[in-house]
Amino acid sequence: MKLTDALRLAGEAFLNALYPPHCASCLVDTPPGIHLCEKCAAQAPAIKAPFCRQCSQPFDGAIEGPFVCAQCRDRRLHFDCAVARYRSRGVVREFIHRFKYERHFYLRRPLADWLAETLEDDRITSQPFDYLVPVPLHSARYRERDFNQAEVLAKLLSKRAGKPVLTALKRVRYTTTQTRLHRDERMENLRNAFRVRHASRVQSRHLILVDDVFTTGSTVEECARVLRQAGAASVRVVTVARG
């Protein structure tokens, strides 16, 4: 365990002892180690059918049976599917942002709970996997945040899945923020931003990419592309939320 992670955990334990635990959304008292009450958890916007089998984008209307949306059909994607159980809305979006940008490290636990639900999806259970691979941060961005949210979540998911985390990717090029870019601009912005660190370990392996949010899919697509080029047998994606 890294020193910074150990200090965060120690600080969290101290605060739990000093102050009664409470729901991070509505502030009602909760049992020790619980930071989301049942009422607020029920308000998390779940993704329900019908949704795209490739990217989990939900759709309104009467669509019967599995389908792939037009955007995924018209693209050559290197990941087999991207699975999320929740939309990046309301309490889900709030917790992701507070964890990622405001360093509310204790929120990793409810986020990991939401992420773990993806392991029950038939797109994941249908094929065993070998490693969980977190989407990496560039070293400069890592220094700003002092942690990689995808790596933290992957480690918690690893304990539940009984599968190891493999830091198979490195971000070698710093990219500008993607927030205001369209899908094609995001793809161009990320071209050659990643490289594989352990090519021999990914060859012929079934991999699960882990990230916090799937928005346009440009980041995980570029990660999947370089992993498949390095010989990965398959790449699937799990995220806490779908934008």
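Are F99 and F105 buried or exposed? In this predicted model, F99 is buried, and F105 is buried as well (buried: under 20% relative accessible area; exposed: over 50%; partly exposed in between; 1.4 Å probe, protein chains only). Residues are numbered from 1 along each chain as its sequence is written, and side-chain values use heavy atoms, with hydrogens and water left out. Local features need pLDDT of at least 70 and side-chain atom pairs count only at pLDDT 80 or more, whereas totals for chains, interfaces and linings use all residues.

Seven aromatic pairs are present (rings of Phe, Tyr and Trp, the last by its six-membered ring, with centres within 6.5 Å; stacked if the planes are under 30 degrees apart, edge-to-face if over 60, tilted otherwise). F99 and F105 make a tilted pair, at 6.0 Å centre to centre and 40° between the planes. The ring centres of F99 and F147 are 5.2 Å apart and the planes stand at 45°, so this pair is also tilted. F99 belongs to helix α4 (residues 90-101) and F147 to the loop between α7 (139-145) and α8 (149-161), so the pair ties together parts 48 residues apart in sequence (helices: DSSP runs of H or I, at least four residues; strands: E, at least two; numbered from the N terminus). F99 and F147 are both buried.

The largest nonpolar core contains 36 residues, and V92, W114 and V240 have the most contacts inside it (a core: buried Ala, Val, Leu, Ile, Met, Phe, Trp, Tyr and Cys residues joined through side-chain atoms within 4.5 Å). Elements giving two or more residues to this core are α4, α5 (108-116), α8, β5 (206-214) and β6 (234-242). Ring pairs also link W114 with Y86 and F95 in a cluster.
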